[in-house]
Amino acid sequence: MKKYLSAICAALMLTAFLAACQKNEPQPAPSPVQPPVEEPMEPASPAEGIVSDSGRADTVEDYYARTAIIARNEWVEDPSRMGFATEVWVREYAVLRYPDQAADVLFETGYTAPESMFADQLSGGSCLWTLRLSDASGEERTEAVQILFFAEDGRACLTGLLTGEKMLDSRRAGYDYLALDPRFSARMLAVSAPEEPEESAAVELAALCGGDNRQDAYPLTETCAALVQAERRVVVYDFTQEKILQDVELGDGWRAERVEDGTLILLCWDESGQVTREMAVSAEGSAIHPVDTGDLRYSVGDTVISQRQGSLWKGGTPLLEGRDGADEEATAYRFARALDDHRFLYHYWGYEWLEHSGIYDLAAGQDHPLPDDGPNYILGADPQAETALICRMEDLGFCWDYHCLDLKSGKTRPLGVGPVFSDDGAGEDPEVFPAVNWTGSRLCLWYGKNGSTCLEIYDLSGALLYQWAVPEQTAMVSGVTLMGDNTLYVAMHRYSTGGEWLYRMEY
């Protein structure tokens, strides 16, 4: 079944948020994690009103110590395996810790450990809750409560309740905490980091731009990339100098939109869904200016092209008209990039599929769509050489049949690269994601094969220039960017640390 591009993007975001809960077939397992030895606790002192399962009175603090939690061995029904039912323990904590105050519980964020970290169907993770308290006078305050849990057979088991300075600020620390529970530690496996190629450098996004919200990477040049912590900040990092070049604070409503000529463009959306401001961030600095209209606007030389209601406009004149709407007849033209001072690349989308790509010539006032009977998607173009890289695309991730197109003659030349599909990209064939550099001289294909994510870089002759295999047991690759003729950026979620990483390598 064909899928909405927007649904795919939402699924990718959900995957990053819940720390990549995909399941692979079991591979030869590394050695189980050997948990540190924890010193035994002193017996709890009595406190009226709080009674453990053994009938002995405990203090609130001792009640939520690790050894006390393990001794009680508490489970709740939780078919989601994501720890959402752990709210019951936050409410219990509120009753025990603040018996005279009303309490409300709000879910904030959470993550699950990768399934490659477990030898069987066990899972585990963390949920962060906000406890909103109010006393008899109506005064309110909040407290953050972190729940560490294991999940199995539709149930969740409490392994830790942390507050204040005891809360863990990284997934790596959370994984280490899980491994200290003797009930489950023998079923946990050590997860290694991907083997790093020569001439490579890597940074953890959370260490540079913050770890509270989702992080995304946007390579800008061959040497630097913008690291974005959603609605918090943008950091421009230089890999060769190993230093931060720009650090820009964000606020609510800002979203990264695109990269243009080494500059990250962010748009600020208001509550009505209109764009109000635009921000440009580069290695040299940042600037914000207001937007007069809610349309998305793009520059092609001295001409401004706007995108609204599924169509592309030049001033008040429609150039390419789609059919706006939410039904199956809806179509939309999307601006992709300017090729030179009078031509731009666009993609024309149907309700759940790509119709075709094309090039619009403003000087001639002509549209040049790709024909329906061949490759229908333009990956990138080189205006100087007048060539483009094209392929067949049914939906994002289902790409095949790569060709080089002469933009003057219209003739195509097959490259003969990539995996061989059994039925034009359908059935059990792997999802293949392509990426090209700005000049269209390099093509990177990344796809799953034999338990790894394979990355292959080709030139326009079809020659293989570089390859790297990232074992799926170690990381989930989320994005690939080519810069210049010999620089590759790879974004991934590394299971060994539970964080987002950006690799830069020369080939």
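Predicted model: local features only at pLDDT ≥ 70, side-chain atom pairs only at ≥ 80, totals over all residues.
Reader: Which residue in S13 does Leu 267 stand opposite?

Author: Leu 267 belongs to S12, where Arg 255 stands opposite it. S12 also pairs with S13, in the antiparallel sense and over six bridges. In S13, the residue opposite Leu 267 is Glu 278.

Reader: How many residues lie between S12 and S13 in their hairpin?

Author: These strands form a hairpin whose turn includes Gly 273, with a positive phi of about 90 degrees. Between S12 and S13, the number of residues is five.

Reader: Which are the edge strands of this sheet?

Author: Let's walk across it: four strands form an open sheet with antiparallel pairing, in the order S11-S12-S13-S14. An edge strand here pairs on one side only. That describes S11 (254-260) and S14 (286-290).

Reader: What does the twist average from one strand to the next?

Author: The sheet in question is the open one with the order S11-S12-S13-S14. From one strand to the next, its twist averages 25 degrees.

Reader: Turning to the second largest pocket, which element gives the largest share of its lining?

Author: This pocket has a volume of about 920 Å³ and is lined by 32 residues. Elements that give two or more residues to the lining include helix H1 (5-17), strand S3 (123-134) and strand S33 (499-506). The largest share is four residues, and it comes from S2.

Reader: How many residues of that lining are charged?

Author: Thr 109, Arg 171, Gly 211, Asp 212 and Asn 213 are the lining residues nearest the pocket's centre. The lining as a whole divides into eleven nonpolar and eleven polar residues, with the charged ones numbering ten.

Reader: One last thing: does Asp 181 count as buried or exposed?

Author: Asp 181 lies in the loop between helix H5 (171-178) and strand S6 (200-204). Beyond its neighbours within four places in sequence, Asp 181 is in contact with Arg 66, Ile 70, Phe 150 and Thr 159. Its relative accessibility is 0%, so Asp 181 counts as buried.

Conventions:
Residues numbered from 1 in each chain as written. Heavy atoms only, no water. Buried < 20%, exposed > 50% of the residue type's maximum accessible area, 1.4 Å probe, protein only. Contact = heavy atoms within 4.5 Å. 1 Å grid on protein atoms, 1.4 Å probe; cavity = no way out; pocket = protein on both sides within 12 Å on 5 of 7 lines; lining within 4 Å. Points joined across faces, edges and corners; volume = space filled by probe spheres on them. Nonpolar A, V, L, I, M, F, W, Y, C, P; charged D, E, K, R; others polar. Pairing = 2+ DSSP bridges. Axes fitted to C-alpha atoms, helices over the stretch in contact; angles between N-to-C directions.
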